Amino acid sequence: FAWRDCVFFFDDFWGDAIQAPWWSAASTNGTAFDEPSTQLVNGITRGITGTGAAGDETVLTGEAIWSGNNQVGLEVKWKADVVTDTKMQVGLTDPTTNVTSSIINDIDTPTIQNGATDVALVGQDTSQTLTTMAYITDGSTSNMNTTKTNLGTRVPTAATYITTRIQLARTATNVAVSRAFLLDANGAITETANHGDVLASQINGGVLLKPWFYWENVTNATALTIDIDYAALWQDRASS
């Protein structure tokens, strides 16, 4: 009977088009995420950024029905053909002002923008001083502050799948701690980060969140091709 107590969503992207009721895809000067006309084994969805400088991005996002109070988790397996000219953000956020704008302003000293207030994101920006991956969270309750943990010195490998997993856990009503994981192509955990030991690094669990998958070409005329193999989300069904 456990299935009655949880909500679980899994998309293997094996259809002939992106599932519009579940996902919203957008791009600036590129190609929005969609299933390619000739599918690959297991199925994927593919997005391609534009070839201009900063601001050419491709984004896939879902519905804001997920909650830290209900212990939401997310896992996505993805790869990029270019990893040396990229700004990427993968994780959970409350609704943004724009679909095609970055949430993390500066990964070196991160602040949250684009109308987001509660986020749990794995990010990278190769145009900044920190060029490796980091985990960034923020919450809308007073004294929940933008917090960053470097994920070792991890960077994706070009054209090789990497899996990002984020799990929120409720410690009290409207208070959630979180953990981020990176898994390599063989499914082995390579990096983890824990946030929430203190109020400053916690998230407001009462704010509804949506999945957020964002890639941007940041410095030169190289288009980035992103393949997502699958995405999964889950949480407790019972109301908090």
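A cavity, as the word is used here, is a set of grid points where a 1.4 Å probe fits but cannot get out. Under that definition, a search of the whole structure, which is a predicted model, finds two cavities of 30 Å³ or more.

**The largest cavity**

- The volume of the largest cavity comes to about 40 Å³, and the elements that give two or more residues to its lining are β7 (86-93) and β8 (119-125).
- The residues that line the largest cavity are Lys 87, Met 88, Gln 89, Ile 104, Asn 105, Asp 106, Ile 107, Gly 123, Gln 124 and Asp 125.

- About 30 Å³ of space lies in the second largest cavity, and β6 (73-80) and β7 each supply at least two residues of its lining.
- Trp 78, Ala 80, Val 82, Val 83, Thr 86, Met 88, Gln 124, Pro 156 and Trp 215 make up the lining of the second largest cavity.
- By class, the lining of the second largest cavity consists of seven nonpolar and two polar residues, with no charged residue among them.
- Met 88 and Gln 124, which are listed in the lining of the largest cavity, are also listed in the lining of the second largest cavity.

- Asp 125, one of the residues lining the largest cavity, has its place in strand β8.
- With a relative accessible area of 4%, Asp 125 counts as buried, because the cut-off for that class is under 20%.
- The side chain of Asp 125 makes a polar contact of 2.6 Å with the side chain of Ser 127.
- When residues up to four places away in sequence are not counted, Asp 125 touches Thr 86, Lys 87, Ile 107, Leu 130, Thr 131 and Val 218; of these, Lys 87 and Ile 107 are also named in the lining of the largest cavity.

- Gln 128 sits in the loop between β8 and β9 (134-138), and at 26% relative accessibility it is classed as partly exposed.
- The side chains of Gln 128 and Ser 127 are joined by a polar contact of 3.4 Å, and the side chain of Ser 127 is also the partner of Asp 125 in a polar contact.
- Gln 128 and Asp 108 lie 20 residues apart in sequence, while their C-alpha atoms are 6.7 Å apart in space.

**Strand pairing around β11**

- β6 pairs with strand β11 (residues 162-172) in the antiparallel sense over six bridges, and Ile 162 in β11 is the bridge partner of Trp 78, a residue that also lines the second largest cavity.
- β11 is joined in turn to strand β12 (residues 175-183) by nine bridges, with the two strands running antiparallel, and within this pairing Ala 172 has Val 175 of β12 as its bridge partner.
- The hairpin of β11 and β12 has two residues between the strands, and there Asn 174 takes a positive phi near 65°.

**Loop residues and positive phi**

- Most residues other than glycine have a negative phi, and the two residues that follow depart from that pattern.
- Phe 13, which is not a glycine, has a positive phi of about 55°; Phe 13 lies in the loop between β1 (6-11) and β2 (23-27) and is buried, with a relative accessible area of 0%.
- Asn 42 has a positive phi near 80° and is found in the loop between β3 (31-34) and β4 (45-48), where, at 54% relative accessibility, Asn 42 counts as exposed because the threshold is over 50%.
- Asn 220 is placed in the loop between β14 (210-217) and β15 (225-236) and is partly exposed, with a relative accessible area of 36%.
- Asn 220 and Thr 51 are separated by 169 residues in sequence, yet their C-alpha atoms are 7.2 Å apart in space.

Notes:
Residues are numbered from 1 along each chain as its sequence is written. This is a predicted model: local features need pLDDT of at least 70, side-chain atom pairs count only at pLDDT 80 or more; totals for chains, interfaces and linings use all residues. Side-chain values use heavy atoms; hydrogens and water are left out. Helices (H or I, at least four residues) and strands (E, at least two) are DSSP runs, numbered from the N terminus. Buried means under 20% relative accessible area, exposed over 50%, partly exposed in between (1.4 Å probe, protein chains only). On a 1 Å grid over the protein atoms alone, a cavity is a set of points where a 1.4 Å probe fits but cannot get out, and a pocket is an open set with protein on both sides within 12 Å along at least five of seven lines; lining residues have an atom within 4 Å of a point. Grid points are joined across faces, edges and corners, and a volume is the space filled by probe spheres set on the points. Ala, Val, Leu, Ile, Met, Phe, Trp, Tyr, Cys and Pro count as nonpolar, Asp, Glu, Lys and Arg as charged, and the others, Gly among them, as polar. A polar contact is a pair of N or O atoms within 3.5 Å; within protein, one must be able to donate a hydrogen and the other to accept it, and residues adjacent in sequence count only if both atoms are side-chain atoms. Contact means heavy atoms within 4.5 Å. Two strands pair if DSSP finds at least two bridges between them.
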